[in-house]
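Please open the structure in the viewer and follow the stops below in order. Each stop states what to select and what is found there.

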Amino acid sequence: MRVVSLVPSLTEAVATTLPGLLVGATDWCTHPADLDVPRVGGTKYPDLDRIRALRPDLVLLNVEENRLADATALAAAGVPIRVTYPRTVDGALTELADLLRDLGSAAEPQWLTEARRAWAALPDTPVLRRAVVPVWRRPWVVLGADTFAGDLLLRLGVANLYAEQPERYPRPSLRQLRDQAPELVVLPDEPYRFTRDDGPEAFPGVPCALVSGRHLTWYGPSLAEAPALLAGQLADLYVAH
């Protein structure tokens with residue numbers, strides 16, 4: 001089977017579990033670090049001609065990572081596609097298991113079993129901290145309703161203040177963000193690379209947690225270590241004055 005992945009987390013999952021299956025991936029597919037396959041451009045604007053030239057049996061896409069226009073164009077060209085859309089941790093684990101089984105994995109990979117155990121070991125009702133979770137600035141964009149990352153954070157004791165908004169990725173002003181009076185600001189290093197010098201200064205006096213964007217938003221092998229790693233980062237707070 002020949003698979004092209006346009007989703008970085010699925011690229012890592014497939015390459016780790018079924019080496020040799022991938023014949024193409026995006027420029028943003030950075031894991032595994034030694035992945036050596038043809039690149040087909042970005043997640044938002046892939047080179048569709050290059051994808052078709054690879055003669056894939058299946059192209060992997062995601063509702064958030066990729067554009068509907070590209071999925072439609074591939075399907076219209078007769079290229080089989082599979083579109084993922086996990087919005088919870090449990091949903092991601094189930095979609096991963098189904099995908100890998102359908103791609104030919106004879107048994108559940110060890111990393112997926114470890115991920116199930118790691119997430120199942122968390123308390124059912126953690127102490128919650130009310131937070132805003134920017135994923136971009138200029139303009140500010142935050143996690144809103146019904147997102148995988150929002151569910152992941154909730155299981156780690158972080159309640160997203162925009163979780164009840166109708167939009168999945170609202171664009172509030174900085175003043176509106178501050179008016180939410182968050183107890184915590186969660187700042188990932190992707191897709192926008194927030195750092196101690198870029199992000200916390202917008203929320204003076206509010207504790208900020210700088211976290212791994214890969215572990216917050218990717219669903220793949222990183223899920224096995226995400227609970228412990230993110231818990232540590234969410235406890236290592238920085239306050240700008």
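A residue is called buried when its relative accessible area is under 20%, exposed when that area is over 50%, and partly exposed in between. The model on display is a predicted one.

Select C208. With a relative accessible area of 0%, C208 is buried, because the limit for that term is under 20%. Now select C29. Its relative accessibility is 2%, so C29 also counts as buried. How many disulfides does the structure hold? The count is zero.

**Second stop: a pair of charged side chains**

Attention now turns to salt bridges. The structure holds 13 of them. Select R50 and D47 together. These two residues form a salt bridge, and their closest N and O atoms are 3.6 Å apart. Is R50 buried or partly exposed? R50 has a relative accessibility of 40% and therefore counts as partly exposed. D47, at 29% relative accessibility, is likewise described as partly exposed.

Select residues 89-102, which make up helix α4. Within this helix, highlight D98 and R101, which lie three residues apart, or about one turn of the helix. A salt bridge joins D98 to R101, with 3.1 Å between the closest N and O atoms. D98 has a relative accessibility of 27%, so this residue counts as partly exposed. R101 is partly exposed as well, its relative accessible area being 49%.

Salt bridges link R82, D98, R101 and D102 in a network.

Select D198 and R137. What is the distance between the closest N and O atoms of the salt bridge that D198 forms with R137? These atoms are 2.7 Å apart. The pair links distant parts of the chain, the two residues being 61 residues apart. To locate D198, look in the loop between β9 (184-188) and β10 (208-211). To locate R137, look in the loop between β6 (134-136) and β7 (141-142).

Finally, display the surface around this pair. D198 has a relative accessible area of 19%; as buried means under 20%, D198 is buried. R137 also counts as buried, at 10% relative accessibility.

Note on methods. Residues are numbered from 1 along each chain as its sequence is written. This is a predicted model: local features need pLDDT of at least 70, side-chain atom pairs count only at pLDDT 80 or more; totals for chains, interfaces and linings use all residues. Side-chain values use heavy atoms; hydrogens and water are left out. A disulfide is a pair of cysteine sulfur atoms within 2.5 Å. Buried means under 20% relative accessible area, exposed over 50%, partly exposed in between (1.4 Å probe, protein chains only). A salt bridge is a side-chain nitrogen of Lys or Arg within 4 Å of a carboxyl oxygen of Asp or Glu. Helices (H or I, at least four residues) and strands (E, at least two) are DSSP runs, numbered from the N terminus.
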